Amino acid sequence: MFALTEKEIRASFVNATRREVTTATLPDLAELQWDRLDYLGWRDRKAPLSAYVIAPLPEGPTGIILRANEQAKVRRRTMCAWCEDVVETGDVTLYVARRGGAEGRKGNTIGTLICTDFRCSKNVRRLPTSMEAGTKDEDVRRSIMETRREGLIERSRGFVAEILRTH
Ligand SMILES: [Zn+2]
């Protein structure tokens, strides 16, 4: 995704109150490798249950605020619903997001299992082992990697678009 400024990030939230937007602690934007991210996600270091995801939707960067549900019983080994990584299954959290607009004000939320530290973009850039791919052929393994990346883009953006959707 393209690099965003703090101002663009704060202006992108669609399911947050003004207060939540102002108090959100942003990551160090200068340190991010934007071209290696399919979406930007981070935990709030000052409010550890709060998390944020910014997805580049066709209508522009769209941000959502999420809450980590640490009471939820997540099986010890669970697949992230976004990157579907089969290796990094040990640290997945149930994140819940309020829907945008009137639905959100009524308390409507949706949840999904995502890598706790939002490492999905990194996971899908890992070349699958010959064992995972069922072949040593590098081209095949690269094409599997590309398919996984497309899947991540589709599922992460789909979730954010769903938050935005008004019925
Ligand atoms: Zn993931």
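D85, R126, E132 and R148 are joined in a network of salt bridges, and that is a friendly place to start in this predicted model. Searching the whole structure turns up 14 salt bridges, so let us walk through a few of them, using the cut-off of a Lys or Arg side-chain nitrogen within 4 Å of an Asp or Glu carboxyl oxygen.

Take R149 and D38, whose closest N and O atoms are 2.8 Å apart. This pair ties together distant parts of the chain, 111 residues apart: R149 sits in helix α6 (residues 138-164), while D38 lies in the loop between α2 (18-23) and β1 (40-43). D38 counts as buried because its relative accessibility is 2%, whereas R149, at 26%, counts as partly exposed.

Helix α6 also holds R142 and E138, which are 4 residues apart and therefore separated by about one helical turn. Their salt bridge has its closest N and O atoms 3.2 Å apart. R142 is partly exposed at 41%, and E138 is partly exposed at 40%. Another salt bridge brings together the side chains of E162 and R165, at 3.1 Å from N to O.

Now turn to the zinc ion. Its protein donors are the SG atoms of C80, C83, C115 and C120, lying 2.3 Å from the metal. Along the chain these donors follow the spacing C-x2-C-x31-C-x4-C. C80 belongs to the loop between β3 (60-69) and β4 (92-98), and C120 to helix α4 (residues 120-123), 40 residues away. Both C80 and C120 are buried.

Why is the arrangement around the zinc ion called tetrahedral? The 4 donor atoms subtend angles of 104 to 118 degrees, which makes it so. For four tetrahedral donors, the ideal angle at a metal is 109.5 degrees.

Methods: Residues numbered from 1 in each chain as written. Predicted model: local features only at pLDDT ≥ 70, side-chain atom pairs only at ≥ 80, totals over all residues. Heavy atoms only, no water. Donors = N, O, S within 2.8 Å, 3.2 Å for Na, K, Ca; no water. Tetrahedral: all angles 85-135°; square planar, octahedral: opposite > 155°, others 65-115°. Helix = DSSP H or I, 4+ residues; strand = E, 2+ residues; numbered from the N terminus. Buried < 20%, exposed > 50% of the residue type's maximum accessible area, 1.4 Å probe, protein only.
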